[in-house]
Each structure stands twice: as C-alpha cells, then as structure tokens.
Amino acid sequence: IGVLKVWHRIQILLWRNEVLIISSFKVFYFNVVIIHIYTILLINKYIKDFNKKPSRFEVQTTLAILYFLEKKCDIVILEVGLGGKYDCTNIITSPIASCFGNISYDHTNILGNTLEEIAIQKAGIIKENSNAVIFENENIIDILKNVCNEKNSNLIICKNKDIKNYKLINDFQNFDYKNYKDININLKGIKQIQNTCVVLED
C-alpha cells in the first residue's frame with residue numbers, strides 16, 4: 001500500500017537516496033536508475049512543449065507516481081494540490097474514489113471568490129464512472145451532484161445524523177458512525193470527525 005501526504009512526499013521519495021532531490025527546479029541525483037532518467041526526460045519534454053518549468057508540486061507528483069509504479073503498489077492514497085480542474089493529480093483518470101474534505105474559502109486568487117466558484121473548481125477531480133465522497137454541505141452539494149450526473153459517477157454524502165454517541169476521552173474524540181462503533185481519533189474539531197466519516201465511506 002502506498003500512502004502519500006503533501007508534507008511527507010519529499011521524505012518518502014528521499015528514502016535511501018533512491019530518487020531525485022529537487023532544488024529550485026534543478027534536478028540532482030545520486031544513483032542513476034531508470035526512474036531518475038525517465039523523470040528528467042519528462043521534465044525536459046514538459047519545458048519544451050509548454051515553454052515553462054513545471055511547478056515543484058508537479059515534479060514531486062511525477063516522482064511519487066513513478067515511485068509507486070516501481071514499487072507495484074496495490075493501493076495509493078494520493079492527496080491533491082489545490083484540488084480542482086487543473087490539478088496535476090488529474091493524471092490519475094480511474095480512481096476508486098475522489099474524496100473531498102471541507103470545501104471553504106481557500107486559494108481564492110486561483111479557485112474563485114465565491115464558494116460556488118470554488119466548488120466548481122474542486123469538482124474537477126471527479127472522474128468518469130467513479131465515486132465521489134463528501135460530508136453534507138448544503139451550500140455546494142448541488143454543484144457536486146450535477147458534476148457526478150454529467151460524469152456518470154456515484155456521489156456518497158456523509159450526514160451529521162449518522163454520527164452518534166460523541167465523547168471526548170483523554171484527548172481523543174470518540175464516536176459511532178453508522179455501523180462503525182467506538183471510533184477514536186486524536187485530531188480535534190468537528191471537521192476531523194467529518195473527514196473520518198468520509199474516509200470510512202470510501
């Protein structure tokens with residue numbers, strides 16, 4: 001199983017010095033293996049085709065995907081960048097599911113100034129004939145429903161009413177969700193409970 005988090009990506013890739021180190025978009029490598037050479041070729045092709053350098057996140061994502069391929073991962077949990085129509089993680093065209101955290105006012109200079117504009121952009125990660133999971137949010141749920149209908153995808157909506165028996169025990173949030181009983185998470189806040197429900201639905 002391959003698990004990928006934005007803040008862990010570089011650490012994973014630098015394990016045993018087997019992959020590239022990225023610094024100011026210049027690529028250096030220790031051990032010359034196929035993954036290194038192939039990545040350099042991809043970057044050079046990108047620069048030639050688009051007349052610009054790829055972003056740091058685009059290079060990191062390329063490395064991560066190549067690494068997971070090399071390791072023959074059965075399952076990969078891949079976190080998006082900003083998320084949305086133009087996120088480079090959209091290179092994955094047939095995911096098991098696209099899971100949404102809380103959609104709110106972030107990166108408004110890129111994603112839009114209203115919640116609806118942001119939701120339209122975020123919905124860009126929903127793929128054809130797939131699944132999408134989100135916690136209920138009446139402000140934007142119709143947007144996701146429409147996109148799922150267009151792409152023949154199943155939308156799973158987690159609901160507050162299915163969270164029961166909440167307790168705070170020794171700094172752990174404890175609750176039940178549907179058939180899942182006695183769930184413990186050490187992250188604080190209602191959004192963390194909602195995110196846990198999204199994961200369980202997936």
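**View A. Strand β9 meets β10 in this predicted model.** Four bridges tie β9 (residues 172-177) to β10, and the two strands run antiparallel.

**View B. The open sheet has three strands in the order β8-β9-β10.** Pairing is antiparallel here. The edges are β8 (163-169) and β10 (180-185), each pairing on one side only. From one strand to the next, the twist averages 20°.

**View C. Lys 178 and Glu 201 join up in a salt bridge, at 2.5 Å from N to O.** This pair links distant parts of the chain: Lys 178 sits in the loop between β9 and β10, while Glu 201 belongs to helix α7, 23 residues apart. Both ends are partly exposed, with Lys 178 at 41% relative accessibility and Glu 201 at 21%.

**View D. Inside helix α2 (residues 34-50), Asp 49 and Lys 45 are four residues apart, so about one helical turn separates them.** They form a salt bridge, with the closest N and O atoms 2.6 Å apart. Asp 49 is partly exposed, at 45% relative accessibility.

**View E. Helix α5 (residues 115-122) shows its buried residues: Leu 115, Ile 118, Ala 119, Gln 121 and Lys 122.** They cover an arc of only 160° around the axis, which puts them on the same side of α5. Their packing partners are α4 (108-111) and α6 (141-150).

Methods. Residues numbered from 1 in each chain as written. Predicted model: local features only at pLDDT ≥ 70, side-chain atom pairs only at ≥ 80, totals over all residues. Heavy atoms only, no water. Buried < 20%, exposed > 50% of the residue type's maximum accessible area, 1.4 Å probe, protein only. Arc of directions from axis to C-beta. Contact = heavy atoms within 4.5 Å. Pairing = 2+ DSSP bridges. Axes fitted to C-alpha atoms, helices over the stretch in contact; angles between N-to-C directions. Salt bridge = Lys/Arg side-chain N within 4 Å of Asp/Glu carboxyl O.
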